Amino acid sequence: MVARLVIAAPSSGSGKTTVATGLMAAFARSGLAVSPHKVGPDYIDPGYHSLATGRPGRNLDAYMCGPELVAPLFAHGARGCDLAVVEGVMGLYDGASGLGELASTAQVSKLLRAPVVLVVDASSQSRSVAALVHGFASWDPEVRIGGVILNKVGSDRHEALLREAMDDVGVPVLGALRRAPQVDTPSRHLGLVPVAERRADAVDAVAAMGEQVRAGCDLDALLALARSAPRLGATAWEPGFDLPHPAPSRCDMSGSAARPPAVGAASGRFARGSAPDPAPQTPEGLIFAGPARPVIAVAGGSAFTFSYAEHTELLTAAGAEVVTFDPLRDEQLPPETSGLVIGGGFPEMYAAELSANERLRKAVAELAQSGAPVAAECAGLLYLTRSLDGEPMCGVLDADARMSGRLTLGYREAVTVRDNSLAVAGTRLRGHEFHRTVIEPGAGADPAWGIVHPERRVEGFVQQGVHASYLHTHWAAHPEVARRFTAGCAR
């Protein structure tokens with residue numbers, strides 16, 4: 001039983017991130033263990049959430065993972081916590097384009113049976129706020145809007161007018177926040193600047209958000225609202241076990257003990273210095289012998305900040321030793337590296353620095369040429385090209401990348417074209433594309449994916465053990481990806 005709130009808004013730009021992060025920081029400072037979550041595929045906001053709570057920020061994406069996994073993934077992240085705060089995406093009822101409520105904040109709030117706090121930008125209205133809130137509260141009777149936080153309030157007089165207008169709506173005002181530029185966070189072409197690039201300033205910004213929320217919101221009333229959420233009967237997702245697929249969004253807790261291993265080994269089975277007993281087998285028939293675990297290097301640092309916590313958990317559960325390295329600073333891959341994961345981020349902001357680290361670029365190229373499994377998404381794809389904005393990169397792929405003025409954004413449904421280090425041919429999954437770069441050519445002789453929705457095209461590169469693509473995916477919905485990748489590394 002975890003107390004929980006969903007922080008939503010009528011539209012993007014209303015202040016969801018400020019309020020959600022501020023609430024996390026304020027409640028964490030009061031001594032509560034707070035679990036942070038974000039609706040949708042966003043990688044950047046969870047970094048601020050993690051800074052506020054000291055726990056991994058986790059995403060809840062009903063498009064990429066399916067509605068049936070939202071509650072189990074939430075229960076996994078919130079295990080042992082006093083309170084969970086879920087930041088929504090876009091407007092409350094906005095979801096995947098053309099697919100109704102799918103992947104919307106409203107859908108996630110219903111799957112979690114969680115009350116919603118609506119953050120309203122009140123900077124250019126007074127009595128109209130009541131009509132706006134009434135419309136959102138009455139649109140879907142299954143969505144419980146339990147309160148409103150008025151944001152960007154101009155003065156005491158303005159606040160009084162807003163509260164008076166709200167008296168007849170039946171939705172309590174749980175806070176009113178003044179305009180406060182000191183808590184603004186810088187943005188660029190893909191949204192907020194990630195925490196890893198401005199950690200000291202981000203710490204100050206999160207502290208300021210927490211103080212603003214503490215001063216302007218009724219934390220006791222918000223906590224009481226969170227605790228009013230009914231019991232969520234969901235079996236927590238485990239990286240070492242499969243949930244039935246598709247699974248009901250509300251599962252019987254009594255069924256959690258009999259789940260079979262999902263990725264060939266339970267987490268912790270391959271601790272260094274202790275031989276597995278008995279030696280587990282992957283579906284490919286490979287046996288991990290003795291105490292050794294395949295070392296999988298995962299790119300991190302300021303240039304590669306986009307990752308889902310569940311990916312590392314799945315790789316570890318599959319029997320890998322996951323080691324993080326920073327391509328901006330480390331001149332060599334971790335010792336005994338047998339596989340490489342390079343996720344998303346902002347290599348375009350660090351192209352010169354990445355290029356200057358010639359020793360690491362050469363090590364990455366040699367690993368790829370050896371046939372070792374390499375999984376590269378978006379930023380990782382750019383890093384493997386010959387060049388990025390004219391700066392030499394790793395040269396693994398016969399392609400060049402550059403910044404463009406066009407934003408490519410949206411959910412994608414894809415199918416694997418041929419067997420590769422992540423999946424067998426014909427595997428269908430859903431992902432997300434989000435970039436302002438282009439790569440020429442856009443696909444190799446063996447593409448990584450055939451995009452089947454919303455348009456039809458091929459994309460990405462498969463060569464030897466390399467799988468490189470613009471598409472971001474969430475492996476929690478497909479644990480066999482981590483299993484197959486780890487097995488390839490162990491070979």
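This is a predicted model: local features need pLDDT of at least 70, side-chain atom pairs count only at pLDDT 80 or more; totals for chains, interfaces and linings use all residues.
Residues are numbered from 1 along each chain as its sequence is written, and side-chain values use heavy atoms, leaving out hydrogens and water.

Colleague: How are α2 and α7 oriented to each other?

Modeller: Helices here are DSSP runs (H or I, at least four residues), numbered from the N terminus. Helix α2 (residues 45-53) and helix α7 (residues 199-216) pack at an angle of about 70 degrees, with angles running from 0 to 180 degrees between N-to-C directions of lines fitted to C-alpha atoms over the stretch in contact. Angles of 65 to 115 degrees count as roughly perpendicular. Therefore α2 and α7 are roughly perpendicular to each other.

Colleague: Which residues of α7 does α2 meet?

Modeller: Contact means heavy atoms within 4.5 Å. From α2 come Tyr48, Leu51 and Ala52. They meet Arg199, Ala202, Val203 and Val206 in α7.

Colleague: How many charged residues has the contact of α2 with α7?

Modeller: Asp, Glu, Lys and Arg count as charged, Ala, Val, Leu, Ile, Met, Phe, Trp, Tyr, Cys and Pro as nonpolar, and the others, Gly among them, as polar. The contact of α2 with α7 has six nonpolar residues and no polar ones, and the charged count is one.

Colleague: Which residues line the second largest cavity?

Modeller: On a 1 Å grid over the protein atoms alone, a cavity is a set of points where a 1.4 Å probe fits but cannot get out, and lining residues have an atom within 4 Å of a point. By class, this lining has six nonpolar, one polar and no charged residues. The names are Leu422, Ala423, Leu429, Trp449, Thr473, Trp475 and Val481.

Key:
Helices (H or I, at least four residues) and strands (E, at least two) are DSSP runs, numbered from the N terminus. Angles under 35 degrees count as roughly parallel, over 145 as roughly antiparallel, 65 to 115 as roughly perpendicular and the rest as oblique. On a 1 Å grid over the protein atoms alone, a cavity is a set of points where a 1.4 Å probe fits but cannot get out, and a pocket is an open set with protein on both sides within 12 Å along at least five of seven lines; lining residues have an atom within 4 Å of a point.
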